[in-house]
Amino acid sequence: MHTLDVALGDRAYPIHIGSGLLAREDLLLPHIRGRQAVVVSNETVAPLYLDVLVATLARGGVSAIPVILPDGEEFKTWETLNLIFDGLLANRCERNTTLIALGGGVIGDMSGFAAACYQRGMPFVQVPTTLLAQVDSSVGGKTAINHPLGKNMIGAFYQPQMVLADVATLNTLPDRELRAGLAEVIKYGLIRDLDFLAWVEGNLGLLLNRDPTALIYAIERSCRNKAEVVAADERESGERALLNLGHTFGHAIETGLGYGLWLHGEAVAAGTMIAAHLSRGLGWLSECDVARVLRLFERAGLPVRAPDLGAARYLDLMRHDKKVLDGRLRLVLLQRLGCGVLTEVATEQQIVQAIEQGCT
Ligand SMILES: NC(=O)c1ccc[n+]([C@@H]2O[C@H](COP(=O)([O-])OP(=O)(O)OC[C@H]3O[C@@H](n4cnc5c(N)ncnc54)[C@H](O)[C@@H]3O)[C@@H](O)[C@H]2O)c1
Ligand SMILES: O=C(O)C(=O)C[C@@H](O)[C@H](O)[C@H](O)COP(=O)(O)O
Ligand SMILES: [Zn+2]
């Protein structure tokens, strides 16, 4: 097992990564306050992993109340969030009841937001079960729901007490979801860890075949990158924005097509290609660099061309991006491979050209 720390002073917390961790009461119980926990999951994940988690809690004398939500990005809404509050209130949960998110990024983001709001804050634990959630969404405290006009628009920064990433859960993950998680893994290489990018290129076959050693390495190194960035800039006043590579375009794809049609990781991959084209247009990346990024996404089975919504529609959707400042778009681009930058130097004409290059 590997353990990393997210160094946030008195709100620091561990990330445990390994196989079979759902059954480890020695890891889970020290982070459960009170004798009662609420486990938020969904209709897909609960039948697979709820029982083992409930049994682990029971061995430590903690009773678990399940709240099972519908599955899908289209349910990352106020209405579904309210189902969590209904469960918390119906069971007279107190301020020291611990809320445990068991699932992918959708469950983690919604549960974290509910935990931030319920009685103005209750303890929260992340038990991520997708690759994407294990490498990215369970770490760092961004929680949110979507709005029809924009992705993750309503939310809060709220850190968990612990992240428990059991890689054995990835055995049941559909292939398409595994590939979507790889988009965020590749992101870390592109923005700040060129050696890791080369490692992913060299070990992609193992990752796609779910080799446990390769997966654990990729999760650990991704979390290490994310934990460093979050510790340096928890609330995204600077460096943390780099974690948004490809997301301004990617979120436009998700919102524009309707939530759930493209997976988040798929939209991030196609969005990253637009960012790469734009970085090329600014003279920062070479054609060879762009081809290298494209080839890696293709080999990972991810889309490298975005849906053709029209450049005007992209720009309209992108104006809801959370990095917009005084009405000006700020984009994460690549100064070179392994070095992301938050910038507003690109002109609208250059952005439109990159969108057109990156669309089918
Ligand atoms: N907070 C953050 O920092 C952050 C970072 C990245 C992404 N996100 C958000 O995360 C969400 C995407 O997360 P995701 O990719 O995990 O999607 P997801 O939560 O929708 O899960 C993907 C699918 O896999 C299923 N699933 C989960 N675990 C499984 C398992 N072990 N076996 C079988 N099926 C399983 C789910 O039920 C779902 O159908 C998006 O809403 C995105 O905005 C947040
Ligand atoms: O943790 C971060 O910071 C990220 O940007 C990680 C992203 O992968 C993630 O999709 C995040 O939810 C996007 O944040 P948003 O602020 O653009 O909604
Ligand atoms: Zn993301």
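Author: Here is how some of the labels follow from their definitions, bearing in mind that this is a predicted model.

Reader: Why are H10 and H11 called roughly antiparallel to each other?

Author: Check the angle first: H10 and helix H11 (residues 287-299) pack at about 175°, with their axes 9 Å apart. Angles over 145 degrees count as roughly antiparallel, so H10 and H11 get that label.

Reader: Which residues in H10 and H11 meet?

Author: From H10 you have Ala269, Thr272, Met273, Ala276, His277 and Arg280, and they meet Glu287, Val290, Val293, Leu294 and Phe297 in H11. Sorted by class, that contact has 7 nonpolar, 2 polar and 2 charged residues.

Reader: OK, now ligand 2. What makes a residue part of the shell around it?

Author: Its C-beta atom, placed from the backbone, has to lie within 6 Å of the molecule. Residues surrounding ligand 2 include Asp136, Lys142, Lys151, Glu184, Arg240 and Lys322, along with Leu243 and His247. The classes come out as 1 nonpolar, 4 polar and 7 charged.

Reader: And how do you know that both domains take part around ligand 2?

Author: Domain 1 (2-172) and domain 2 (175-358) each give at least three residues to that shell.

Reader: What about ligand 1, which residues come nearest?

Author: Of the 29 residues around ligand 1, those are Thr44, Gly104, Gly105, Thr130 and Ser137. Helices H4 (105-117), H5 (131-137), H6 (175-192) and H10 (264-281) are the elements giving two or more residues to this shell. By class, the shell around ligand 1 has 8 nonpolar, 14 polar and 7 charged residues.

Definitions and conventions:
Residues are numbered from 1 along each chain as its sequence is written. Chains are lettered from A and ligands numbered from 1 in the order in which they are written. This is a predicted model: local features need pLDDT of at least 70, side-chain atom pairs count only at pLDDT 80 or more; totals for chains, interfaces and linings use all residues. Helices (H or I, at least four residues) and strands (E, at least two) are DSSP runs, numbered from the N terminus. Ala, Val, Leu, Ile, Met, Phe, Trp, Tyr, Cys and Pro count as nonpolar, Asp, Glu, Lys and Arg as charged, and the others, Gly among them, as polar. Domain bounds come from an automatic or database domain assignment. Axes are lines fitted to C-alpha atoms, for helices over the stretch in contact, and angles run from 0 to 180 degrees between N-to-C directions. Angles under 35 degrees count as roughly parallel, over 145 as roughly antiparallel, 65 to 115 as roughly perpendicular and the rest as oblique. Two residues are in contact if their C-beta atoms, placed from the backbone, lie within 7 Å.
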